[in-house]
Amino acid sequence: MYKIARRETTKRLAMLGGLALIGFAPSPFRLALAAQTNNVTFVDVATAAGIQFRHDNAATAEKYLIETMGGGCGWIDYDQDGLFDLYVVNSAATKAYKPGKPLRAALYRNNGDGTFTDVTERGGVGAEGLFGMGVAVGDYDNDGFPDLMVLGYDRCILYHNNGDGTFSDVSKKAGVENKGRWASSAAWFDYDNDSRLDLVVANYVDWTPETNHYCGDKGPGMRSYCHPDVYHGQAPTLYHNNGDGTFTDVSKSSGVGAKPGNGLGVVTFDYDNDGWQDIFIANDNMPNFLFQNNRDGTFTETAYLAGVAVSGDGHSEAGMGVDAADIDRNLLSRLRQ
């Protein structure tokens, strides 16, 4: 856990990782026990709540590297009724894996009574054919309705919230497809303080089905998944919001895309308390990135100088995700990787 000065915590609705829908246990005994031990007890209420989603990792004997990644999920009040709805990401068919029925992501509407209704079809947000990795929620056009950026292998999908319970795929028009890259996670943030949400995407490695190297012992059933170091890392992507529904890729000109990484987690926060959002990217088995905002549209990578590039003993860690928060309200952010 790293400690970095900052001014305020940016709220985020994007999350990476598997779905675990949980609720408080109502038992008086458990509540009393929690009070005595200062612990909180949870119970899994996904089935009772109507969440029937199951993630399919598309596993095969070919050991595609993308099979090792779980889908992400995010809370979004898409209909602005004051209740958080749920979006969960799924994988897709591959050259080696053909599921019995088409795979899709799912949007569950919060009914306000502890249950959810699957509204994926009506919403038009199934992301069919996308091998999804994660999702980031943000109102990029400032119309009052949050939109969905679904991250995936080889491309991404931006769903614009139409404000009537439906979404439109505007990925190509907006210019944020991130084509040819393996996007693992993303964060909406306003890096130039123009009141419009920009987008940073953490990309992983340059694996493809055609470069799916054989790893492990030779023999039937002995093949294993390759280490990510077998492949080359991919640089992060930074998109600037033009304010007209489109984005410009400023990865190179900003310095964020200057060098490759094995990005699996990203968080934005003002670590130096100067009023401008900075970027931290958790890399897998290589030094992390901390991009300091230069307040002129460019960033400087300062992870080593800030002491967050590697572990305390100087070794790279397998960064999978990251978050930042001022947990003790002392204007110092705790950076948890």
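Is aspartate 79 buried or exposed, or does its relative accessible area place it in between? Aspartate 79 is partly exposed, with a relative accessible area of 22%, where buried denotes under 20% relative accessible area, exposed over 50%, and partly exposed the range in between (1.4 Å probe, protein chains only). The structure is a predicted model, in which local features need pLDDT of at least 70 and side-chain atom pairs count only at pLDDT 80 or more, whereas totals for chains, interfaces and linings use all residues. Residues are numbered from 1 along each chain as its sequence is written, and side-chain values use heavy atoms, with hydrogens and water left out.

The side chain of aspartate 79 meets that of arginine 109 in a salt bridge, at 2.9 Å from N to O, a salt bridge being a side-chain nitrogen of Lys or Arg within 4 Å of a carboxyl oxygen of Asp or Glu. Arginine 109 belongs to strand E7 (residues 106-110) and aspartate 79 to the loop between E5 and strand E6 (85-88), so the pair ties together parts that are 30 residues apart in sequence; helices (H or I, at least four residues) and strands (E, at least two) are DSSP runs numbered from the N terminus. Arginine 109 is likewise partly exposed, its relative accessible area being 30%. A network of salt bridges links Asp79, Asp81 and Arg109.

In total, the structure holds 10 salt bridges. In one of them, the side chains of arginine 223 and glutamate 62 meet at 3.3 Å, N to O. Because arginine 223 lies in strand E16 (residues 223-224) and glutamate 62 in the loop between helix H2 (46-49) and strand E5 (73-76), this pair ties together parts that are 161 residues apart in sequence. Arginine 223 is buried, with a relative accessible area of 15%, while glutamate 62 is partly exposed at 36% relative accessibility. A further salt bridge joins aspartate 194 to arginine 196, with the closest N and O atoms 3.2 Å apart; aspartate 194 is partly exposed at a relative accessible area of 22%, and arginine 196 is partly exposed at 28%.

Aromatic pairs number 14 in a search of the whole structure; rings of Phe, Tyr and Trp (its six-membered ring) pair if their centres lie within 6.5 Å, and planes under 30 degrees apart count as stacked, over 60 as edge-to-face and the rest as tilted. The rings of tyrosine 140 and tryptophan 188 have centres 6.1 Å apart and planes at 10°, so this pair is stacked. Tyrosine 140 is located in the loop between strand E9 (132-138) and strand E10 (147-152), and tryptophan 188 in strand E13 (residues 183-189), so the pair ties together parts that are 48 residues apart in sequence. Tyrosine 140 is buried at 6% relative accessibility, and tryptophan 188 is buried with a relative accessible area of 8%. Tyrosine 140 also pairs with phenylalanine 247, the ring centres being 5.7 Å apart and the planes at 50°, so that this pair is tilted. With phenylalanine 247 in strand E18 (residues 247-249) and tyrosine 140 in the loop between E9 and E10, the pair ties together parts that are 107 residues apart in sequence, and both residues are buried.

Elsewhere, ring pairs link Tyr64, Tyr153, Trp182, Tyr204 and Trp207 into a cluster. Tyrosine 64 and threonine 208 are 144 residues apart in sequence and 8.4 Å apart in space, C-alpha to C-alpha. Threonine 208 is situated in the loop between strand E14 (198-203) and strand E15 (215-216) and counts as partly exposed at 24% relative accessibility.

An open sheet is formed by 4 strands in the order E19-E20-E21-E22, with antiparallel pairing; two strands pair if DSSP finds at least two bridges between them. Strand E19 (263-269) and strand E22 (299-301) are the edge strands, each pairing on one side only. Strand E21 (residues 289-293) pairs with E22 in the antiparallel sense over 3 bridges, and phenylalanine 291 has glutamate 301 in E22 as its bridge partner.
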